[in-house]
Amino acid sequence: MQRMLRLPETLAKWPLPRRISPFYHNIAPQSADWLRGFNAFSADAQEAFDKCNFGLLAALAYPTADEAHYRTACDLMNLFFVFDEYTDTLNEVKSRELADISMDALREPLKRRPTNESVIGEVTRQFWISAIRYANETPRVRFEDTWDQFTTAVVEQAKDRDEDRLRTIEEHMKIRRLTIGAEPCYALAELVLELPREVLEHPLLKSLRNAITDIIIFDNDMASYNKEQAANDASHNLITIAMYQYKLNLDGAVTWLAEQHKAQVQQALRLWPQALALSFSREIDKNLQFYIDHLMNWPRANDCWNFENGRYFGDYGLRIQKERLVELLPGAHDRWRLHSTS
């Protein structure tokens, strides 16, 4: 029985280094305290939230944002956790109710939320009322659209749980590219920029976003696999799906996933200079440079956060980042291994 998981060094050749916001130490605790004030979690969920340190993720992902923009990024990361925590075990119908509440709060941020409503409504409203103080109209609409896509995909994931459905890799990626939440994160970076829709929908930029998103997904699934399989919650992890679909053992599935990751890194690095060469006007080009830098920073930010927070590896993240070996926890791993070899 396999007891160790070896994590490949997927970003060994990624050219962007780790960067962090200068506002991290002052602002991240403020955002965490803001969320804590809602009393949204049980004691166990609050402990899980504290381990995640989403302010660190925001600091790594938005290192050049000004103080107000970085605070909004912190609040968004915390909102993601609330929404995930509340919908994680719900069925499709109940998840749809929470998705509708969040979207209504986003579209009507000046409307007072009902007193008997889930806290998700007020958390969303307060996040968005703060964000739109400096948001331009085009990115504001774009963020609302991407949040709608994210919450709808989470509902679809709940439906899969209801049906105990294990998707094929192709089916999985269609929904995973939405549930990972990358597009709202990219849209948040746009809030302070003037970038026309036709620029953001340029085929080169869409392809670059897709490659970056896949890199984030692949790294996330490798980092989270051990925790998820131990909790019997790995059916939406690509390692599990590859083991089942291609009848691989764990090492074989990780090797397969590393090859997919390598292909997307090559794709992103090929598209990067082409995207930088796009030219529209002096002001748009300046904003576009900022946006592309934000996209290209995400893989490094996500990878560093995977090891620096306590969500996946507890207190051993930095050691595992260096040694690349993870001891498998007791859990559901053998169930998927038996499926994959049957």
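I looked up Arg176 and found it buried, at 12% relative accessibility. My cut-offs are under 20% relative accessible area for buried, over 50% for exposed and partly exposed in between, with a 1.4 Å probe and protein chains only. The model is predicted: local features need pLDDT of at least 70, side-chain atom pairs count only at pLDDT 80 or more, and totals for chains, interfaces and linings use all residues. Residues are numbered from 1 along each chain as its sequence is written, and side-chain values use heavy atoms, with hydrogens and water left out.

**Salt bridges**

I counted a salt bridge where a side-chain nitrogen of Lys or Arg is within 4 Å of a carboxyl oxygen of Asp or Glu. The structure has 26 of them.

The partner of Arg176 is Asp221, with the closest N and O atoms 3.2 Å apart. This pair joins distant parts of the chain, since Asp221 is in helix 11 and Arg176 in helix 8 (residues 169-179), 45 residues apart. Helices are DSSP runs of H or I with at least four residues, strands are runs of E with at least two, and both are numbered from the N terminus. Asp221 is buried too, with a relative accessible area of 1%. I also noted one network of salt bridges with shared partners, made up of Arg142, Glu183, Glu190, Glu201, Lys206 and Arg209.

I then checked Asp104 and Arg113, whose side chains form a salt bridge at 2.8 Å, N to O. Asp104 is partly exposed at 25%, whereas Arg113 is buried at 10%.

In helix 6 (residues 119-131), Arg125 and Glu122 are three residues apart, about one turn of the helix. Their side chains form a salt bridge at 2.9 Å, N to O.

Of the 28 residues, 21 are buried, so helix 11 is largely enclosed by the rest of the structure.

The largest nonpolar core has 111 residues, and Tyr62, Phe127 and Trp298 have the most contacts inside it. Helix 11 (residues 203-230) supplies the largest share of this core, 12 residues. A nonpolar core is a set of buried Ala, Val, Leu, Ile, Met, Phe, Trp, Tyr and Cys residues joined through side-chain atoms within 4.5 Å.

**Aromatic pairs**

I paired rings of Phe, Tyr and Trp (its six-membered ring) with centres within 6.5 Å; planes under 30 degrees apart count as stacked, over 60 as edge-to-face and the rest as tilted. The search of the whole structure gave 21 aromatic pairs. Phe83 and Trp147 have ring centres 6.3 Å apart and planes at 65°, so this pair is edge-to-face. Phe83 is in helix 4 (residues 67-87) and Trp147 in helix 7, so the pair ties together parts 64 residues apart in sequence.

For Phe127 and Phe143 I noted centres 5.7 Å apart and planes at 50°, so this pair is tilted. Phe127 belongs to helix 6 and Phe143 to helix 7, 16 residues apart. Phe127 is buried at 1%, and Phe143 is buried at 0%.
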